[in-house]
Amino acid sequence: MAAPTIDTEVTYPAGTVTSEGTVVHVEPVGGDRWAVFLDRTAAHPVDTAWPDQPADRVTLSTPDAQYDGVEVRVAGVQDGTVHVGDDLPVRTGTEGWVFAVAHVVHADPPALGDRATVTVDRGFRTALSVAHSACHLAALALDAVLADRWSKPVPEDSLGRPAFDSLAIVRSLIGEYRSEDVYRIGKSLRKKGFDPGAFDDADGIADRVTGLLRAWTATGGPIHVVAEDSRLSARRQWRCELPDGVAAIPCGGTHPDALSDLVDPTVAISVEDVPGARVVTMTTTLTPR
Ligand SMILES: [Zn+2]
């Protein structure tokens, strides 16, 4: 069999929640499930390189069938073999692979060449998108609030502050109107010159981060996802203009159109001391609109 051509064009980085496409390949993935590939999709999968944002909730419609509860996964093709989801052994963007969005259905798959409409659950997408932008902004605000806690020069974020977030982050998780970032302050961060007592007043830090976040979102300016092209594995960057400069962070997720879409961002910080390190958890919440 010829190697399937399933290099999906993705439209979700621009904020799209519906798309029309053509079925270009179907692949059995076991358990009476099929991965359906389209030439174009609005469905956001969990990115293997940036796994922080959950997949969209999606319905797929063809002239003959409607598939609810579609699982949206990243697939990779190498030497004509399709690897879907957990069977994909490499990260998105790995050289020598073509990456595509798999729409996994639990019923007889559509036929090659069928027209297919992707419909994304708009409420769930919105809740994740605003939380994702708030997560990026909170990281930059935290960097700003901690800027005077460094005694040595370290790499800077896009606003020119010491990049605490990217130097200390352990994991980041986006939920509905909520994000959680976990940081570890251990020996290597202290060696880089970071003040181990910086979070002694965690509530005071959280209040200052919240204040800065609200000042930024009050400007209401546009948010953009800039992509090098429309492939799933394209490099993409989240950007928005803040009073402090242009904020830019590499990102594979989805985002709202404007800072004004983020309502009442609020940050809480908790601190736990473990052997050899301090673990800081920053939770950012929004009011649903
Ligand atoms: Zn992101």
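Which residues coordinate the zinc ion? They are His132 through NE2, His136 through NE2 and Cys251 through SG, at 2.0 to 2.3 Å. Donors here are N, O and S atoms within 2.8 Å of the metal (3.2 Å for Na, K and Ca), and water is not among the atoms, so sites may look incomplete.

The model is predicted: local features need pLDDT of at least 70, side-chain atom pairs count only at pLDDT 80 or more, and totals for chains, interfaces and linings use all residues. Residues are numbered from 1 along each chain as its sequence is written, and side-chain values use heavy atoms, with hydrogens and water left out.

Along the sequence, the zinc donors follow the spacing H-x3-H-x114-C. His136 sits in helix H1 (residues 122-145), while Cys251 sits in the loop between strand E14 (245-250) and strand E15 (266-274), so this pair ties together parts that are 115 residues apart in sequence. Helices (H or I, at least four residues) and strands (E, at least two) are DSSP runs, numbered from the N terminus. His136 is buried, at 9% relative accessible area, and Cys251 is buried at 4%. Buried means under 20% relative accessible area, exposed over 50%, and partly exposed in between (1.4 Å probe, protein chains only).

The largest pocket has a volume of about 480 Å³. Of its 24 lining residues, the closest to its centre are His136, Asp165, Ile169, Ile249 and Pro250. A pocket is an open set of points on a 1 Å grid over the protein atoms alone, where a 1.4 Å probe fits, with protein on both sides within 12 Å along at least five of seven lines; lining residues have an atom within 4 Å of a point. A volume is the space filled by probe spheres set on the points, which are joined across faces, edges and corners. H1 gives the largest share of this lining, six residues.

The second largest pocket has a volume of about 320 Å³. Among its 18 lining residues, Thr92, Gly93, Thr94, Ser233 and Ala234 are the closest to its centre. Domain 1 (9-120) and domain 2 (123-285) both give residues to its lining, so this pocket lies between them. The domain bounds come from an automatic or database domain assignment.

Finally, the cysteines. The structure holds zero disulfides, a disulfide being a pair of cysteine sulfur atoms within 2.5 Å. Cys240 is in none, and the nearest cysteine sulfur, that of Cys251, is 12 Å away. Cys240 is buried, with a relative accessible area of 3%.
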